[in-house]
Amino acid sequence: MLNTHKAMLMQTLPFFGNTWCNECFLIQKFMKGVFHSRPPLPRYQFMWDVSVVLKFLKSLSPLYKLSLKLLTFKVVALLALGNAPRAQTIISMDLSCMRKEGKSVVCMFPHMLKTTRLGKPYIMKIEHFQDEELCILHSMLFYIRVTKPLRKSSKVFISYVTYKEVTTSTIARWLKTVLQMSGIDTKYFKAHSFRGASTSAAFSKGCKLSDILKAADWSSDKNFRKFYLRDTIKNNSFVNSVFSK
């Protein structure tokens with residue numbers, strides 16, 4: 001925020017004849033001092049265990065017995081874990097921009113996203129997973145089929161109350177509810193932690209860094225390593241980990 005104000009002043013003041021600010025070392029010293037006194041820090045120092053949430057999501061089965069509310073929660077949470085999208089990306093998913101390719105569904109985004117780059121549109125690929133109870137593709141196709149006669153929007157995810165498209169705050173609330181229902185401390189972890197939890201889990205299990213960056217739509221690994229890559233807090237103590245078979 002401070003950098004934004006600084007940039008605004010540096011570009012505005014010269015129009016009124018105040019050229020002194022262009023090469024003012026005091027401004028540079030001040031900004032450097034602010035950086036050292038309040039350096040940008042990641043929100044989380046550790047991350048929740050993905051297996052805890054997966055265990056809860058797996059318990060939400062069979063799909064045909066779930067209410068639309070729980071079905072919505074499951075599909076959104078599986079997508080957040082399996083593809084690590086931002087909330088903006090999730091609400092931008094449109095049925096008219098999806099196509100089936102073998103055992104996967106490809107979702108394109110014609111509109112601008114946060115990290116949209118000229119000539120490099122983001123394409124999300126939702127793949128089949130062998131465990132049907134945790135398969136994003138199977139759950140999403142079932143969700144689309146169930147909501148077809150109800151929906152009042154072509155967006156993939158709709159409100160389970162009004163059947164209209166939802167906002168990013170609604171997606172965040174759904175994801176936070178899933179964390180709470182899974183037993184994760186939501187006073188500390190928020191909805192955006194899904195992105196860090198899933199990518200950290202993938203990295204710790206040997207997934208290629210290039211595949212992680214592609215899935216999460218990062219152009220480099222700088223932000224991933226600085227703000228998202230975290231150790232997972234497991235329930236096992238040291239002695240249990242050593243002595244377990």
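1. P85, R86, T89, Y122, R195, A216 and D217 line the largest cavity. A cavity is a set of points on a 1 Å grid over the protein atoms alone where a 1.4 Å probe fits but cannot get out, and lining residues have an atom within 4 Å of a point. The volume of the largest cavity is about 30 Å³. Volume here is the space filled by probe spheres set on the points, joined across faces, edges and corners.

2. This is a predicted model: local features need pLDDT of at least 70, side-chain atom pairs count only at pLDDT 80 or more, and totals for chains, interfaces and linings use all residues. Residues are numbered from 1 along each chain as its sequence is written, and side-chain values use heavy atoms, without hydrogens and water.

3. Now the largest pocket. A pocket is an open set with protein on both sides within 12 Å along at least five of seven lines. The largest pocket holds about 1,200 Å³ of space. Its lining has 33 residues, with L81, G82, N83, E127 and A215 nearest the centre.

4. Next, helix 8 and helix 9. Helices are DSSP runs (H or I, at least four residues), numbered from the N terminus. Contact means heavy atoms within 4.5 Å. R195, T199, A202 and F203 in helix 8 meet L209, I212 and A216 in helix 9.

5. How do these helices run? Helix 8 and helix 9 pack at about 160 degrees, axes 10 Å apart. Axes are lines fitted to C-alpha atoms over the stretch in contact, and angles run from 0 to 180 degrees between N-to-C directions. The two helices are therefore roughly antiparallel, a label for angles over 145 degrees.

How values were computed
Angles under 35 degrees count as roughly parallel, over 145 as roughly antiparallel, 65 to 115 as roughly perpendicular and the rest as oblique.
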